[in-house]
Amino acid sequence: MKGESILKVNNLKKYFSMGKEGIFSGKARMVKAVDGVDFSLYKGQTFGLVGESGCGKSTTGRCILKLYGITNGEILFQGKNIHSFEGKERMQYRREVQAVFQDPYGSLNPRMRIGEFIEEPMLVHGTFNSRDRKKRVAKLLGVVGLSSDHASRYPHEFSGGQRQRICIARALSLNPKLVILDEPVSALDVSIRAQILNLLMDLQEEFGLTYLFISHDLSVVEHISDFVAVMYLAKIVEMAPCDMIFKNPLHPYTNALLSAILVPDPELAQDAIILEGDAADPRGLEKGCRFRDRCFNATDECMEKEPELIEVEPNHKVACLRVAQKK
């Protein structure tokens with residue numbers, strides 16, 4: 001990817017403590033939710049982070065939002081480590097990095113009018129006077145396809161798609177540079193998803209936004225992303241430009257995910273790759289490839305050696321011993 005890097009994640013790790021292993025043991029049990037993740041986001045582009053539930057993609061987003069502290073590594077926003085931010089720098093970061101979450105109704109305060117909900121970030125950060133805030137609320141409602149008359153209504157008076165539009169308007173209220181989109185359409189009806197995705201793409205072009213788009217749905221990621229990283233059990237296993245991932249997937253897990261996408265034309269559909277067994281226990285990831293127990297290409301070497309994420313062709317990185325040997 002080319003352009004100005006706005007966010008860089010280096011060796012990010014986030015472990016959660018599960019208490020002691022036993023009554024008389026002093027050793028703590030740790031769940032490795034994110035275990036050494038590296039990637040960069042570039043200004044004006046969309047980076048898709050995809051994987052099944054529990055892979056660590058949402059935890060990664062929450063670490064970037066500073067909702068979670070990190071165990072190790074660093075997150076650089078415009079070249080500065082976000083965990084060193086204090087006072088004004090921390091407030092500035094809060095303004096410039098916003099989020100839209102999966103459940104729009106859960107994000108809304110049922111006792112707050114929509115206009116108040118969108119205005120609240122501006123009030124907290126002291127931007128604009130009262131009159132200008134009201135004007136901006138009306139403008140933002142129009143930008144996301146709603147009417148200024150909706151400002152006086154409550155969340156229960158809106159549909160799911162309208163509620164997500166309201167959450168998007170609130171995220172834009174402080175003129176952010178980066179927006180974390182955590183499963184923003186998965187809770188919506190299929191008929192509404194395309195409308196929200198197209199709205200996000202239009203807003204990105206209009207306001208010069210950068211997106212981190214987190215999803216389990218590769219078909220959605222394909223529609224909106226410029227660059228894609230596939231996560232499995234706390235690590236990135238494949239990363240490449242979007243068209244390269246979909247035309248030439250190299251990791252067995254990526255191939256399995258792509259085979260599960262529903263295709264409208266029966267003649268173009270392919271047989272789904274059925275993964276045998278269960279994902280490994282995230283509390284005991286000590287050695288070997290994390291995907292080995294479900295992989296149809298696994299060898300004895302995969303049981304002992306953990307693959308590194310290496311570049312096997314320009315802009316295309318894969319963490320797979322078999323792929324690395326072929327290249």
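Reader: Why is Gly56 called buried?

Author: In this predicted model, Gly56 has a relative accessible area of 8%. Buried means under 20%, so Gly56 is buried. The residue sits in the loop between strand E3 (46-50) and helix H1.

Reader: What does Gly56 touch, not counting residues up to four places away in sequence?

Author: Gly56 touches Ala33, Val34 and Met231. With Ala33, 23 residues apart along the chain, the C-alpha atoms are separated by 5.2 Å.

Reader: What makes Arg193 partly exposed?

Author: Its relative accessibility is 21%. Buried means under 20% and exposed means over 50%, so Arg193 falls in between and counts as partly exposed. Arg193 belongs to helix H7 (residues 190-207).

Reader: Which residues does Arg193 touch, leaving out those up to four places away in sequence?

Author: Val185, Ser186, Leu188 and Asp217. As for Val220, 27 residues apart from Arg193 along the chain, the two C-alpha atoms are separated by 8.7 Å.

Reader: Is Glu183 buried or exposed, and how do you know?

Author: Glu183 has a relative accessible area of 9%. The cut-off for buried is under 20%, so Glu183 is buried. Glu183 lies in the loop between strand E7 (178-182) and H7.

Reader: What is noted about the phi of Glu183?

Author: Glu183 has a positive phi of about 50° although it is not a glycine. Most residues other than glycine have a negative phi. Lys66 is also not a glycine, and has a positive phi of about 65°. Lys66 is in the loop between helix H1 (57-64) and strand E4 (72-77).

Reader: Which residues make the contact of H4 and H5?

Author: On H4 they are Ile114, Gly115, Ile118, Glu119, Met122 and Leu123. On H5 they are Arg133, Lys134, Arg136, Val137, Leu140 and Leu141. These residues divide into 7 nonpolar, 1 polar and 4 charged. Gly counts as polar, and Gly115 is among the contact residues of H4.

Reader: What makes H4 and H6 roughly parallel to each other?

Author: H4 and helix H6 (residues 160-172) pack at an angle of about 30°. Angles under 35 degrees count as roughly parallel, so this term applies to H4 and H6. Their axes are 7 Å apart, and H4 passes H6 in a right-handed crossing.

Reader: Which residues make that contact of H4 and H6, and how do they divide?

Author: H4 contributes Ile114, Phe117, Ile118, Glu120 and Pro121, while H6 contributes Ile166, Cys167, Ala169 and Arg170. They divide into 7 nonpolar, no polar and 2 charged. Glu and Arg count as charged, and the contact includes Glu120 of H4 and Arg170 of H6.

Reader: What is the secondary structure of the protein, and what percentage of its residues is buried?

Author: The secondary structure comes to 12 helices and 12 strands. Of the 327 residues, 46% are buried. The protein exposes about 16,400 Å², and carbon and sulfur atoms supply 48% of that area.

Definitions and conventions: Residues numbered from 1 in each chain as written. Predicted model: local features only at pLDDT ≥ 70, side-chain atom pairs only at ≥ 80, totals over all residues. Heavy atoms only, no water. Helix = DSSP H or I, 4+ residues; strand = E, 2+ residues; numbered from the N terminus. Buried < 20%, exposed > 50% of the residue type's maximum accessible area, 1.4 Å probe, protein only. Contact = heavy atoms within 4.5 Å. Areas by Shrake-Rupley, 256 points an atom, 1.4 Å probe, with all protein chains shown as cover. Axes fitted to C-alpha atoms, helices over the stretch in contact; angles between N-to-C directions. Parallel < 35°, antiparallel > 145°, perpendicular 65-115°, else oblique. Left-handed = near helix turned anticlockwise from the far one by under 90°.
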